[in-house]
Amino acid sequence: MKIGIGNDHVAVEYKNVIREYIEAKYGYEVINYGTDSSERFNYPVSGEAVANAVVNGEVDKGIVICGTGVGISLAANKVNGIRCVTCSEPYSAKLSREHNNTNMLAFGARVVGIELAKMIVDAWLTGEYEGGRHQVRIDMLKEIEERQKSK
């Protein structure tokens with residue numbers, strides 16, 4: 001499995017720790033779409049880059065990190081086909097995979113500690129989409145995207 005990862009200047013350290021954690025624990029390839037500099041970097045750039053990599057099939061899933069996780073997830077969610085969840089705890093991460101089939105995860109380097117971030121990543125990476133009744137809602141989300149394209 002390939003995971004795209006992106007970040008802004010606030011989250012360089014978190015990105016590196018999470019990348020190494022995923023590679024060591026799961027053996028997944030992690031592709032960096034973020035900055036490695038502490039110089040100011042606008043989170044929409046890496047949020048969109050990871051989202052595009054996900055929808056284009058370059059990576060299977062994406063993880064994005066900024067100060068709160070909110071801004072970078074907003075950028076990712078502007079890309080059609082992306083369902084990016086911002087999480088500050090593992091339960092929502094797990095359910096987002098099971099019920100919403102999220103393909104991207106966001107969290108904040110200023111919001112969660114690094115060990116909690118690892119637990120969030122674990123819950124999200126191991127959660128499996130249940131389908132069934134949840135597919136109706138996923139289809140509805142796709143319909144919203146289609147309607148918005150034609151406006």
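In the predicted model, Cys66 has a relative accessible area of 3% and is therefore buried, the cut-off for this class being under 20%. Cys66 belongs to strand S3. When neighbours within four places in sequence are set aside, the contacts of Cys66 are Asp8, Ala11, Tyr43, Gly71, Ile72, Phe107, Gly108 and Ala109.

Cys66 carries the feature "active site" in an unreviewed UniProt entry, and the same record places this feature at His99. The two positions span 34 residues in sequence and their C-alpha atoms are 24.7 Å apart, so they do not gather at one spot. His99 is part of helix H4, which runs over residues 90-100. With a relative accessibility of 25%, His99 counts as partly exposed, whereas Cys66 is buried. Apart from neighbours within four places in sequence, His99 touches Tyr129, Glu130, His134 and Ile138.

Strand S3 (61-66), in which Cys66 lies, is also one of the elements against which the buried residues of helix H2 pack. The others are strand S1 (2-7), helix H3 (70-77) and strand S5 (104-108). Helix H2 comprises 13 residues, 43-55, and its first and last C-alpha atoms are 19 Å apart, close to the 18 Å expected at 1.5 Å a residue. Its buried residues are Ser46, Gly47, Val50, Ala51, Ala53 and Val54. These residues cover an arc of only 160 degrees around the axis, which means that they lie on the same side of H2. In general, an α-helix has 3.6 residues a turn, so residues three or four places apart point the same way. Just after H2, Gly57 adopts a positive phi of about 80 degrees.

Two further side-chain arrangements involve aromatic rings. One aromatic pair is present in the structure. It is formed by Tyr26 and Tyr28, whose ring centres are 5.4 Å apart and whose planes meet at 20 degrees; the pair is therefore stacked, as planes under 30 degrees apart are counted in that class. Tyr26 has a relative accessibility of 22% and so counts as partly exposed. In the other arrangement, the charged end of Lys61 sits over the ring of Trp124, at 5.5 Å from the ring centre.

Key: Residues are numbered from 1 along each chain as its sequence is written. This is a predicted model: local features need pLDDT of at least 70, side-chain atom pairs count only at pLDDT 80 or more; totals for chains, interfaces and linings use all residues. Side-chain values use heavy atoms; hydrogens and water are left out. Helices (H or I, at least four residues) and strands (E, at least two) are DSSP runs, numbered from the N terminus. The expected span of a helix is 1.5 Å times one less than its number of residues. Buried means under 20% relative accessible area, exposed over 50%, partly exposed in between (1.4 Å probe, protein chains only). The arc is that of the directions from the helix axis to the C-beta atoms. Contact means heavy atoms within 4.5 Å. Rings of Phe, Tyr and Trp (its six-membered ring) pair if their centres lie within 6.5 Å; planes under 30 degrees apart count as stacked, over 60 as edge-to-face and the rest as tilted. A charge sits over a ring if NZ of Lys or CZ of Arg is within 6 Å of the ring centre and within 35 degrees of the ring normal. UniProt positions are given in the numbering used here, feature names are shortened, and annotations may be inferred rather than shown by experiment.
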